[in-house]
Amino acid sequence: MAVMVLATLTAGAAQAELLIRITEGADSAIPIAVVPFAESGAIPPGDKVSGIVQSDLAMSGEFRPLPAEKMLSLPSKRADVYFRDWRLLGQRYVLVGELTRSADRVSARYELFDVNTEERLLGETAAASVSNVRSLAHHISDKVYEAITGVPGAFSTKLAYITLDQYQGKPRYRLQVSDVDGKRARIRLESQEPILSPAWSPDGKKLAYVSFETGKPAIFVHELASGQRTRVADFPGLNSAPAWSSDGRSLLMTLSKDGNAEIYRMNLANKQLTKITNHWAIDTEASWDHTGDGLFFTSDRSGGPQIYYKENERAAPRRITFGSRYNARPRPDNTGQYVYYVHQRDRAFHIARTNLKSGEETILTRTESDESPSVSPNGRMLIYATKQGANSVLTVISADGGAAYSLPASVGDVREPAWGPLVR
């Protein structure tokens, strides 16, 4: 048994960075021109801020950026924007800006315009350290996305996931955290034993997960800044499927300490347990709804895995899914409109969603071995694990299934994604 905690980037982590591949666009995507930003001073080499913004908007599936080589001019401020040219190019919006280096800081002045009305929708200045230019770019992407859609962007959030490869003839599991585009990956935990089910705390500072490092499943809470780990559940039998409450004070989990798999809530301050389900069937994979009072979970009490909902901890469960004999791993969105899950049909496993008001079910994915869905905190995107050839990769789709991009690992498999929270 070998377990290593890593709080900083290692040489091995650089090779574990995910690779982004946009595989399908949306026909209804909004045309937008992200003009290469002008630069003043010694701007760090590497990915350009405007290029990162362009990639962010493209991978949301809601925007179709104009390639720079098709632009008729490269303005950096309003006085140089000729709206007629952008209308001729079929653009709805245009983003211009300039980067300025001062000592160890990079400032970005940027403006977003509606091409048809010639109105300025956004005009701001933001700054970051020279070593953190990618965060500056993601911040701009969030602002642009929100100015156009009215919904907060999720490009500054993080992903957690598990990679698996072989090292010296033995399996190597790594818990990693990266930007949503797979860049700046950091290894947080490395083990020869399986690591499962990472879950973010609502403040984005901790991860809960299942580790088999003791020879059996146990639930740990891991503080990302310090690397400190606390084993919070190591009862006899199953300890699995941790999910944080909205206030970060408790975890939902599945325990079989009394002989049957049931859902419990643990108060993290005093480790007190509250039993939420009590049935002869297997109840597992619980997740709080958008209110923080109700919860979805998987149960086979109807003869096979299905999604159930409890309006609160004491309410009677109500079955949600009926479209096939297998529906599992529920993940609700942040609005209370949809719940997403793994759905089996014709021997294939897809990601599906159910409209909680109408009961309508929609299959979102076309791949056939899909698992572990996780919804972006703004409810507009969904990440899941699937097979691509012999390897497991992550795929991100728009919430309606209309666009997709994949995030394969450069080495080995990548699985068990968890989308981090919006942190202001």
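Me: How do the axes of helix α2 and helix α4 cross?

Reply: Axes are lines fitted to C-alpha atoms, for helices over the stretch in contact, with angles from 0 to 180 degrees between N-to-C directions. Helices are DSSP runs of H or I with at least four residues, strands are runs of E with at least two, and both are numbered from the N terminus. Here α2 (residues 49-59) and α4 (residues 133-149) have axes that come within 9 Å and cross at roughly 50°. The two helices are therefore oblique to each other (under 35 degrees counts as roughly parallel, over 145 as roughly antiparallel, 65 to 115 as roughly perpendicular, the rest as oblique). The crossing of α2 past α4 is right-handed, meaning that the near helix is turned clockwise from the far one by less than a right angle.

This is a predicted model, where local features need pLDDT of at least 70 and side-chain atom pairs count only at pLDDT 80 or more, while totals for chains, interfaces and linings use all residues. Residues are numbered from 1 along each chain as its sequence is written, and side-chain values use heavy atoms, leaving out hydrogens and water.

Me: Which residues of α2 and α4 make the contact?

Reply: Contact means heavy atoms within 4.5 Å. On α2 the residues are Val49, Ile52, Val53, Asp56 and Leu57; on α4 they include Ala137, Ile140, Val144 and Tyr145. The contact residues divide into nine nonpolar, two polar and two charged (Ala, Val, Leu, Ile, Met, Phe, Trp, Tyr, Cys and Pro count as nonpolar, Asp, Glu, Lys and Arg as charged, and the others, Gly among them, as polar).

Me: Now the sheets. What is the order of the open sheet that contains β12?

Reply: Two strands pair if DSSP finds at least two bridges between them. The order is β12-β13-β14-β15, four strands with antiparallel pairing. At the edges are β12 (195-200) and β15 (229-233), each pairing on one side only. Neighbouring strands in this sheet are turned by 25° against each other on average, direction ignored. β12 pairs with β13 (residues 206-211) over four bridges, and leucine 196 stands opposite valine 210 in β13.

Me: Which open sheet contains β24, and which strands are at its edges?

Reply: That sheet has the order β24-β25-β26-β27, again with antiparallel pairing. Its edge strands are β24 (327-332) and β27 (361-363), and its neighbouring strands are turned by 30° on average, direction ignored. Four bridges link β24 to β25 (residues 338-345), with asparagine 327 opposite histidine 343.

Me: What should I look for in the hairpins around β18?

Reply: Look at the pairing, then at phi in the connection. β17 (residues 250-255) and β18 (residues 262-267) run antiparallel, joined by six bridges, and serine 250 has asparagine 267 as its bridge partner. Six residues lie between these strands, and glycine 259 takes a positive phi near 110°. Three bridges join β18 to β19 (residues 273-275), where lysine 275 is the partner of tyrosine 264. This hairpin has five residues between its strands, and lysine 271 takes a positive phi near 65°.

Me: Finally, how many salt bridges are there?

Reply: Side chains of opposite charge can pair when their charged atoms come close. Counting a side-chain nitrogen of Lys or Arg within 4 Å of a carboxyl oxygen of Asp or Glu, there are 22 salt bridges. One of them joins glutamate 213 to arginine 229, with the closest N and O atoms 2.7 Å apart. Glutamate 213 is in the loop between β13 and β14 (218-223) and arginine 229 is in β15, so the pair links distant parts of the chain, 16 residues apart.
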